[in-house]
Amino acid sequence: MSKQHMLFAFLRFLSIFLVLLLLINPKFEQLNTVTEKPKLLVVTDNSESVVHLEQDANARKVRSFFKTDTDLNASFDIQYYTFGNVLQQNDSLTFSSKQTDISKAFSDLNTIHGQDVAPIVLITDGNQTFGDDYTFTTVKQPVYPIILGDTTTYLDLHIKQLQVNKYAYLNNKFPVETILVYTGNRPVTSTFTVKSGSHIVFSKTVQFSKHNNSEVLQFTLPASRVGVTTYEAELAPLPQERNTINNRKSFAVEVIDEQMNVALVSNFYHPDLGMFKKSIESNKQRSAHILKPREYLSKINDFQLVMLYQPNNQFKGVLDDIKKTNKHVFVVSGSQTDWHFLNQNGLHFKHDISGQTEWYQPALNSNFSTFIVDDLDFESFPPLESAFGELTVDVPYETLLYKKLGNAVTEQSLLLTLEEDGQREVLLLGENIWQWRAESFLNTNDFQAFDNFIGKLVQYLASTQRKSRLVLDYESFYEDVSNVVVKAQYFNKNYEFDASESLQLTLTNKVDGTTVTLPFVLKNTNYQVDLSHLPASEYDFTVKALHANISKSGSLTILDFNIEQQFLNANVTKLQQLATNTNGMSAYVSDYTALKENLLKDQRYKPILKSTKITQALIDWKYLLGLLVLTLSAEWFLRKYYGLI
């Protein structure tokens with residue numbers, strides 16, 4: 001056999017062998033092992049109280065220790081977080097947060113590291129300004145608090161709490177309640193005063209001792225002029241006090257010259273009525289009364305606004321009065337609404353009569369422009385029971401919430417506003433809205449956001465002003481400087497929301513005369529400007545639409561109160577209890593290195609050896625396929641070269 005034939009035979013054998021090998025397709029297993037270190041979460045308090053207690057240098061020192069210690073870094077994958085009102089993963093310490101929520105930080109860490117082995121080193125003074133009690137928060141990891149501060153008890157007088165209604169009525173007296181607290185052993189005497197400007201409006205001498213260490217004062221102040229009036233309460237400090245900031249607290253009251261009475265007219269009782277009453281009366285300018293139709297007709301002149309809850313034929317006199325007096329009205333329909341009656345005697349809308357109901361969830365109309373509405377995560381709210389069928393509206397209207405059926409957002413209105421010849425109406429096509437308020441509380445831990453939403457609907461109905469092309473949304477005064485936001489909406493000549501306009505706010509400090517100009521930022525369907533950086537003072541401002549040359553003015557007051565400066569000591573008791581509840585260990589900042597040995601010796605935090613078995617089929621091996629192509633190609637070219645094909 002010639003060498004040429006031997007070469008061809010070898011190439012043919014190799015090609016057939018490779019094809020058969022690929023047909024058999026054997027599999028190979030590979031075992032990879034890796035050592036995974038447990039995580040160590042170093043979480044540092046980044047709030048102003050750390051600086052106020054003069055512990056900022058200690059906090060930086062502790063964090064630096066964890067960054068540079070070779071034993072800890074060899075045994076743990078260390079990750080660094082800071083928190084104030086929110087949790088952040090970063091390396092920067094500014095101690096500038098004006099609020100502290102330790103419980104929220106734990107909740108966020110549970111979400112991020114709930115399935116990991118990740119003990120938490122908490123560097124904090126333990127002073128929380130809002131949120132749930134962190135001592136009893138469900139933490140999935142052991143917590144090792146490093147306490148910034150000491151246990152020394154200092155002589156101190158402070159105003160622990162001051163409660164006052166946000167609104168009062170002209171020529172009335174409004175109540176004020178305050179709790180005064182003393183820390184010390186010997187008897188002391190001080191004076192509590194309330195000033196409006198330089199004028200003292202209330203004063204009382206108070207005495208404290210070791211056992212009589214608190215005093216509750218209840219008194220009233222006159223509401224003598226319309227507008228916002230600011231007051232300063234002060235508990236005269238003792239000569240030996242270290243912290244005198246917590247001896248003063250400012251508060252404000254807006255005096256109005258009338259109150260709005262809302263009639264909730266219904267022929268039967270329903271949880272929705274109680275919800276509307278609570279939401280409406282969350283604004284102290286308003287009161288709501290649940291009435292039968294006959295009761296309302298006997299007190300027509302007592303109310304500025306009427307809400308009809310699932311009206312039927314017994315509402316005939318009520319509807320006649322509304323049409324006669326052109327009153328604004330809020331109509332809520334549901335499973336017991338008599339649409340036969342309402343279609344014949346209603347206002348500006350009619351509904352198909354099917355005798356059937358359906359459950360619809362809400363979906364926010366992002367183009368709604370009648371007034372500024374914040375998204376309360378409406379699509380997470382429970383569905384409302386609504387009559388099945390089409391709604392016909394014979395006047396211009398705007399849909400605030402659409403009906404959502406399953407995952408499909410329909411073009412049918414669930415909540416809408418309409419206006420014709422000066423009469424305004426709001427129509428809600430669904431009952432069981434009380435569940436929305438409960439769901440909003442679960443989402444935000446308070447009722448304020450939802451009550452503000454209902455309040456805006458009521459305010460829309462209460463207002464007699466014509467629609468303006470520039471609409472502002474702000475508070476007359478702010479008690480918390482960390483959340484001062486002015487919102488605005490701008491409309492074109494057809495009263496359509498215009499997202500292309502440039503809005504500018506010019507702000508003047510009424511005390512020192514300084515002026516600052518700030519641009520608005522577009523967010524969804526409104527413009528916003530954040531004024532949280534401003535010092536406490538009284539301000540006049542003007543908002544101007546630069547292209548349209550339209551402007552509107554107002555004023556606001558920011559009260560002087562920093563809750564992070566009210567603390568005198570670290571909250572040692574709660575931090576130690578937290579360590580006990582989570583099977584961790586607490587340490588003072590003077591002896592924080594003791595935690596190192598505990599962490600290194602704890603058997604819960606040993607490295608984990610993880611193995612991964614990789615199975616690979618031979619047919620996936622690209623080099624083998626390449627070799628097969630090479631042998632077949634080589635045989636073909638050689639046969640071609642020698643003239644055999």
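## The largest nonpolar core

In this predicted model, the largest nonpolar core holds 36 residues, and those touching the most other members are Phe276, Phe330, Leu400, Phe450, Phe453 and Leu457. Two or more residues of this core come from each of the following elements: the strands β15 (260–266), β17 (305–309), β18 (329–333), β23 (397–405), β24 (408–420) and β25 (423–429), and the helices α6 (271–281) and α11 (448–462). Helix α11 supplies the largest share, seven residues. In soluble globular proteins, nonpolar side chains tend to be buried together.

Which residues does Leu457 touch, leaving aside those up to four places away in sequence? They are Phe330, Phe371, Leu400, Leu415 and Val426.

## The nine-stranded sheet

An open sheet is built from nine strands, with mixed pairing. Their order across the sheet is β16-β15-β17-β18-β25-β24-β23-β20-β21. On average, neighbouring strands are turned by 30° against each other, with direction ignored.

Within this sheet, β15 and β17 run parallel and are joined by five bridges. Val262 stands opposite Leu305, a residue of β17.

## A helix on the sheet

Helix α8, residues 316–325, packs on the sheet. Its contacts there are with β17, β18 and β25. The direction of α8 makes about 145° with that of β17.

Methods
Residues are numbered from 1 along each chain as its sequence is written. This is a predicted model: local features need pLDDT of at least 70, side-chain atom pairs count only at pLDDT 80 or more; totals for chains, interfaces and linings use all residues. Side-chain values use heavy atoms; hydrogens and water are left out. A nonpolar core is a set of buried Ala, Val, Leu, Ile, Met, Phe, Trp, Tyr and Cys residues joined through side-chain atoms within 4.5 Å. Buried means under 20% relative accessible area, exposed over 50%, partly exposed in between (1.4 Å probe, protein chains only). Helices (H or I, at least four residues) and strands (E, at least two) are DSSP runs, numbered from the N terminus. Contact means heavy atoms within 4.5 Å. Two strands pair if DSSP finds at least two bridges between them. Axes are lines fitted to C-alpha atoms, for helices over the stretch in contact, and angles run from 0 to 180 degrees between N-to-C directions.
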